[in-house]
Amino acid sequence: MILELIVPGRSPLVSSAPPSYKGHRYPVEVISHCVWLYFRFPLGFREVEELMLERGVIVSHETVRRWCAKFGRFYANGLRRKRPRHGDKWHLDEVFIKINGELKYLWRAVDADGNVLDILLQNRRDKAAARRFFRCLLKTTCSVPRVVVTDKLRSYGAAHREVMPSVEHRSHKGLNNRAENSHQPTRQRERAMKGFRSAGGAQQFLAVFSGISPHFRPRRHLMTAAHYRTEMTTRFAIWDQVTGATALPAAD
């Protein structure tokens with residue numbers, strides 16, 4: 001998937017103003033850079049604090065945490081609005097996550113290009129849970145897919161027949177690698193964070209993480225080095241549009 005930078009003189013599909021930073025004594029470049037570091041790399045708030053200190057910017061880890069909580073969701077939603085329209089072939093999968101020793105299930109949907117359409121953390125993976133995820137997915141995307149691809153979990157078939165019976169359903173383990181592979185960044189981050197402390201906190205973090213992290217993870221193995229650099233330059237420019245930033249000033 002190639003992203004296109006929206007430049008002056010061209011009409012974007014969806015226009016949105018950057019968030020307000022009124023009342024913050026740090027410039028937008030510092031705030032957005034801290035949020036980018038936290039959601040792009042497996043870093044903790046204290047590690048972001050250390051990296052910023054190396055660049056000559058003194059900011060506490062608690063301030064970084066507040067910025068991520070306040071602006072992360074806005075940035076993620078802004079990046080989603082900048083994406084091209086998602087495909088009509090959806091891949092769905094669920095994976096277990098332990099939160100304080102309790103088993104939860106993270107439901108995820110991606111399109112054929114690997115774009116995350118929606119996620120939902122639930123206690124079960126039965127028909128009711130699948131039905132709830134289908135309905136959330138339809139509400140989030142405001143569209144109906146042409147094909148839904150899942151593994152052989154029977155809950156998908158039962159919920160599919162009830163919620164979207166006119167949509168083709170392909171149930172096969174080997175066809176769903178796209179959704180299964182999309183769990184890998186979440187697993188890496190889960191290990192770095194040593195697990196999630198609460199279901200609500202996990203849902204909130206993953207909703208933002210799934211919007212920001214994939215934006216900076218193009219399909220590198222399909223690109224030449226020059227193509228990759230051009231694509232990443234475009235993606236950083238889109239990030240600057242969403243956040244209202246320019247570039248992080250160099251340390252003295």
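Predicted model: local features only at pLDDT ≥ 70, side-chain atom pairs only at ≥ 80, totals over all residues.
Cys 142 has a phi near 55°, which is a positive value in a residue other than glycine. Is Cys 142 buried or exposed? It's exposed, with a relative accessible area of 69%.

There's another residue like that. Asn 100 isn't a glycine, and yet its phi is positive, about 55°. You'll find Asn 100 in the loop between strand E1, residues 89–99, and strand E2, residues 102–111. Asn 100 is exposed too, at a relative accessible area of 63%. And while we're on positive phi values, take a look at Lys 194: it comes just after H7 and has a phi of about 60°.

The protein chain has nine helices and five strands. If you read along the sequence, the pattern goes α-α-α-β-β-β-α-β-α-β-α-α-α-α. The protein chain has 252 residues, and 45% of them count as buried.

H4 runs over residues 127–141, so 15 residues, and it reaches 21 Å from its first C-alpha to its last, close to the 21 Å expected at 1.5 Å a residue. Which residues of H4 are buried? They're Ala 129, Ala 130, Phe 133, Phe 134, Leu 137 and Thr 141. Look down the axis of H4 and those buried residues fall within an arc of 135°, so they line one face of the helix.

In H7 the buried residues are Pro 185, Thr 186, Arg 189 and Glu 190. Down the axis of H7, they fall within an arc of 135°, so they line one face of that helix.

Then there's H1. How many residues of H1 are buried? It's 13 of the 13, so H1 is largely enclosed by the rest of the structure. From its first C-alpha to its last, H1 reaches 18 Å, close to the 18 Å expected at 1.5 Å a residue.

Okay, pocket time. Here's the general idea: if you roll a probe the size of a water molecule over the atoms, you see where empty space is left. In this model, the largest pocket holds about 850 Å³ of space. There are 27 residues lining the largest pocket, and Tyr 38, Phe 45, Arg 65, Met 193 and Phe 205 lie nearest its centre. Where does the lining come from? The elements giving two or more residues are H1 (28–40), H2 (45–54), H3 (61–82), H7 (184–192) and H8 (199–212). Which of the elements gives the most to the lining? That's H3, with six residues.

Sorted by class, the lining of the largest pocket has 13 nonpolar residues, six polar ones and eight charged ones. The lining also draws at least three residues from each of two domains: domain 1, which is 23–82 + 201–218 + 235–242, and domain 2, which is 89–195.

One last stop, back in H3. His 61 is found in that helix, and at 25% relative accessibility His 61 counts as partly exposed. His 61 and Glu 47 are 14 residues apart in sequence, and from C-alpha to C-alpha they're 8.0 Å apart in space.

Definitions and conventions. Residues numbered from 1 in each chain as written. Heavy atoms only, no water. 1 Å grid on protein atoms, 1.4 Å probe; cavity = no way out; pocket = protein on both sides within 12 Å on 5 of 7 lines; lining within 4 Å. Points joined across faces, edges and corners; volume = space filled by probe spheres on them. Helix = DSSP H or I, 4+ residues; strand = E, 2+ residues; numbered from the N terminus. Nonpolar A, V, L, I, M, F, W, Y, C, P; charged D, E, K, R; others polar. Domains from an automatic or database assignment. Buried < 20%, exposed > 50% of the residue type's maximum accessible area, 1.4 Å probe, protein only. Arc of directions from axis to C-beta.
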